[in-house]
Amino acid sequence: MERNHFTGLRIPSATYRLQFNGGFGFSAAADTLPYLQELGITDVYAAPFFKAKAGSTHGYDIVDHNVINPEVGFEEDFDLYIRRISELGMGQILDIVPNHMCLESRDNRWWMDVLENGPGSIYNNFFDIEWYPVKHELMNKVLLPILGDQYGAILENQELQLGFEQGSFHLHYWEHRFPLVPQTYSSILSHRLEILAGILSSEHPDYEELLSILTALEHLPSYTERDRHKVAERCREKEIIKRRLDRLYRESPRVREHIDGNVTIFNGEKAVPGSFDLLEKLLRDQVYRISHWRVATEEINYRRFFDINSLGAIRMELQEVFSETHRFLFSLIREGKVTGLRVDHADGLYNPSEYFRNLQSGCFLQLCLKAVQGEEPVQEEQVMRDYYKEVLGMDPKFKPFYIVGEKILTKGEKLPEDWPIFSDTGYGFANLVNALFIDNRNAKAVDAIYSRFTKTRMNFQDVAYEKKKLVMQSSMASEINTLGHHLNTISEKNRHTRDFTLNSLVKALVEVIAFFPVYRTYINSFDVAERDRQYIEYAVLKAKRKNPATNVSIFEFIRDVLMLRFPESIDSHQRREWLDFTMRFQQLTGPVMAKGVEDTAFYVYNRLVSLNEVGGNPERFGITIEAFHGQNIERSKARPHSMLATSTHDTKRSEDVRARIDVLSEIPELWREAVVRWSRFNRKSKVVVEGQAAPDRNEEYLLYQTLLGAWPLDPEKDPGLESFRLRIRTYMLKALREAKVNTSWISPNVLYEDAVLLFVDTILTERAGNQFMGDFGRFQQLSSLCGMYNSLSMTLLKITSPGVPDFYQGTEIWDLSLVDPDNRGQVDYARRKTMLAEIKKQEVRRGQLALVGDLLERWREGGIKLYLLYKALNFRRSSRELFRGGKYLSIEVKGSRHENLCAFERCAGEETVVVLAPRFFVGLTDGGRRPPLGSETWGDTSLVLPFDVPGSIYRNVFTGQEHVVREGEGKPVLPVGEVLSAFPVALLARSGSGRQDC
C-alpha cells in the first residue's frame, strides 16, 4: 500500500472482501485476518456493517447509519477486530450505502417517524416521497405495499392487528409494526367513552385525565403542518401525551380495561365483516395506505432501490441528510478505523459528483483533525471544507481519501472525470479479463449452435430493448407515470407543447429510456457535457425511428428538455424545473437498465453465459491480446489505482464458473454434438404444461452451461450430488423468474416452474437408463481441466495488471458458486488456513519445483490456486512501487503459439517483472491429454525482450527456476517452453542490472 503522510491517504496493494452478517461477525473476521495478511492481502474490503434489518445476510438493508450492527458484533468485538487490523499493518475499506435504507424494520426510527407524522415529520425530507402523487387518494400519504393478499381479505382475516404498548397505539402485520398518527388515538380512546363515564363518574380523576389527553390530542398541529415551529411543537407534545397515557394505563385498572376492550373491538371478529369497519376507518386516517404488494407496480409514491419495495431512497443531496448519515462513518475515519470507502449504487444519487465532492471533503476534514490529534473543532469545519474546495479547484484530481464507486460502464464509456474517486469497483476489469479467454474466431460457429438449438435467432440489443420496456411497463410503471406527469406539467407551460397528451408523453419517455445506451447521464447544471448530449441524441433518434407513427415533435421536446435547450421566453423557475426533471430522469434510467438488462435480458440471451456478467456486453465475443494490453495501458495512465475484480457479491457467476464456460468457445463442434445428444437423452424427462414443453429450448441451453460451470469437482464427496441438485434447482427457479418469459416474480407460473424443477431432479439423479449423467460427467472433465488453467491465468493477470486486485471471500481456492444467494454462503477458513500452512511447510521441506508438481497433480483440491495467490501477492507487496507506479509494456510473442500467450512486463527503475499468462488451453493440452508445459507444448514460441540483453537472468517466483535471456535472430529472447516447463503460468523477476531503461 501507499500512504501520504500529510493526509493519511492509503492505497491498498490487494483487498479481500468479507461479507459480514449474523454468521460471520467481527470475532470471526479478527481470527481470519492473520491468514489474509499471510496470504498477501493488505486491506480488508468490508461489506456494510452498520445496523441492518434483523437477519440481513448482506448488510445493504441499513436501518441506522450511526450504529454498529449488533448481529455482527458488539463494541468490544469491533474493537478487537480493529486492533487486529492495526497490529497486522492492514487497512479497511468499508462499503457504504448512501442511496437507500430498509423500510421494513421498526428499528428505522426515521421512517417510523415519517409514518407517524407524515409531511410534518422532522425526517420528512430524508426520504424521496412524492406527497402529491398521480393518485389523488394518496395525497399527503405514503403507499405501503406489504400485504400478501388483497387489503379487504387481509383485514377480515384479522391479519392486521391493533396493539397498544407504552402509551402508543400501533398496527401489527406479522413481523411489521407501524405507528398510528397520534390524533387518531382519539377514535380509539373515545369509543364507548360513555360506558367508562358510567363506571368511573365524570368527576373521577382518571376520567378527567383521559378527557384532558383527548383535548391535548385535538390540539396537536396537523401532520400536514410544515412550519418548523409547529412541527417542533407537535414532536414535543405528542411524546408528552404518550407518557401521560402510559402512566394512566398503568395506574388505572378501569382505563386499562377500557383501552384493552376497545383494542379488541377494533380488531374485529372473524366471519363478521361489519366488525372491521372501525379498524378500516382508523386506517383510512393514517399517513400510510397499506396495500397488496402488487399495487407498488403502478402506485408506489416513494423512490425505491430499483423495484425493491422494502428499500426506500434517501435524499443524499440535502446537507442535513448527508451530515446525519455520515456522522458515525466520519468518526471511524478520524479514528483511523476506516482507511478507504466503496460507495454502493452511486448512479442512484441525485447528483453523484456533488456527493463524491462532499464525501472527499468530509474525509479530508477527518484526516486533518486526526493529523493534529485534537478534539473536533466544530468552528473550523466549514473552514476545512472551504479549504478542500479551494484545493480541488486548483487541482481537480486531488483525492485525499481512497474511494471507489460502484459504477457500471458500457462499451466506450469512461468514469466521469468530475468524480473525485480512484475508480469504479472492478466490474469492467472482470469482463475484460474474462473476454481474453473466449476464442473470438469461433463467434459465428457458437452463434449458429445457439440459433439451431433454440430454433430462434436472437439479437441482444433487441432483447435488451424489449426487456427494458417490459420492466417499465410492469415493475416500474409507477416511476414512469410519475416522471411522465412531471414532463406533462412542463409541457403545459408552453403554447407549443401544451397539446401533447399525458399518454403520448409517457409512451415516448418509455421508448427513449428503452434505447438509452448507458446507465445514466450526469447533467447537474445548465452546462450539458458533450458526452451526455450524444447519449441523449442517440436514444431519441433510435426512439423516433422505432416509432414512425408517433409525432416526432414529442421526441424532440423530450430531447430539448433533457438537453436543457430552453425557449427564450422561459423564466428562471421553469429552467430549474427542467433541470430537476432531467436529474430525476437520470435517477431512473439506471434502475431500468439494471433490471431490464442485467436481471432480465442476461437470463434470456444465453449464447455463451460467461459473457452475461454485470457490466458486460454479451454481444462482444472475446477480445484480442492487443485490446487487453491497450486497456491496461490506458488504466495505468488514467487510473493506476483502480480496483480490479473477477468475482464479487454481485457477479452472476464466480470467476471459476466463467473460466470453465469460456472453454466452450474453443470447442464449438464438440459442444454442438454434446447439447444435441443431451437433449435427445433428456427429451422424455420434459413435461408439457399448457402446450409448452418445460423447460423450453433456451432454458435447457442455459441449464447445460450452468451445470458445466458449477459441476462439483468430486460429485461423490461431501457435499455431494444431492446438495448440488438443490443449488441448481434454486438457481434455475431464479433464472426462470428473472427471464420473465414463462414465469416471473410478479406472476409465478407454479405449474411450469415445478415441471422445470422436476426436469432438473430427473436428469441429475443416478438411475438406470439415465444416459445423461455419465455422458455429461465425461464431457465436463475437459472444461473443468482447462477452466482450471484459465482461472490461474486470470488470477495472475489480475494481480499484476495496473490497479488494485480484489478477491471475493473464498475465491482463493476453487469457488463454483452462482448468483446470490449461492455466492454468499459461509467460507471454510479453517480449511484454507490448513492448506496454506501445509503449502508453506512443503515449500520449505521439498522445494518449489516438487511442490508445484504435487499441486498440479492434485489440482482439484484448489491448493494450486491458493499457492499462486500466496506467492504472487507477497511478491507484489514486497515490490509495491513496481506495481503502484511501474510502467506497463506489452511483450511481443513470436512462434507458432503466439496467439495462446498474453505477456507483458512491469518495470520501475532497475526493477522488472515479466508476466506470462497462457490462454486457449484445449489446444495447449491436446484436448486435455497432457499438461500445457514444456517445449512439446510451446515449440518455437518465445518472448522478445527488446530492452534486455542476452545473459540476463530471470527468476520464476512460482518455481524458483532461473532463466537466462538468449539471443534469437539478433534480439534478446526467452523460450516459452523453458519458462513454462513446470508451472502453467509465470511471474519472472529480473536479477541484476544491465537492462536498458524501459
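1. In this predicted model, L341 touches I93, L94, I96, L329, I333, L359, C363, F401, Y402, I403 and V404, a list that leaves out residues up to four places away in sequence. A second, separate core has 45 residues, among them L509, I513, F557 and L564.

2. L341 also belongs to the largest nonpolar core, which has 258 residues, and together with Y81, W111, F169, L707 and L943 it is among the members that touch the most others. Helix α29, spanning residues 771-800, supplies the largest share of this core, namely 14 residues.

3. Helix α18 (residues 477-491) packs against helix α19 (residues 502-514) at an angle of about 120°, and their axes lie 9 Å apart. On the α18 side the contact is made by I480, N481, L483, G484, H485, L487, N488 and S491, while α19 contributes L502, L505, V506, L509, V510 and I513.

4. An open sheet is formed by 4 strands in the order β23-β26-β30-β29, with antiparallel pairing. Its edge strands, each of which pairs on one side only, are β23 (892-894) and β29 (966-968). From one strand to the next, the twist averages 45°.

5. Within this sheet, β29 and β30 (residues 971-975) run antiparallel and are joined by 3 bridges. The bridge partner of G968 is K971, in β30.

Terms used:
Residues numbered from 1 in each chain as written. Predicted model: local features only at pLDDT ≥ 70, side-chain atom pairs only at ≥ 80, totals over all residues. Heavy atoms only, no water. Core = buried A, V, L, I, M, F, W, Y, C linked by side-chain atoms within 4.5 Å. Buried < 20%, exposed > 50% of the residue type's maximum accessible area, 1.4 Å probe, protein only. Helix = DSSP H or I, 4+ residues; strand = E, 2+ residues; numbered from the N terminus. Contact = heavy atoms within 4.5 Å. Pairing = 2+ DSSP bridges. Axes fitted to C-alpha atoms, helices over the stretch in contact; angles between N-to-C directions.
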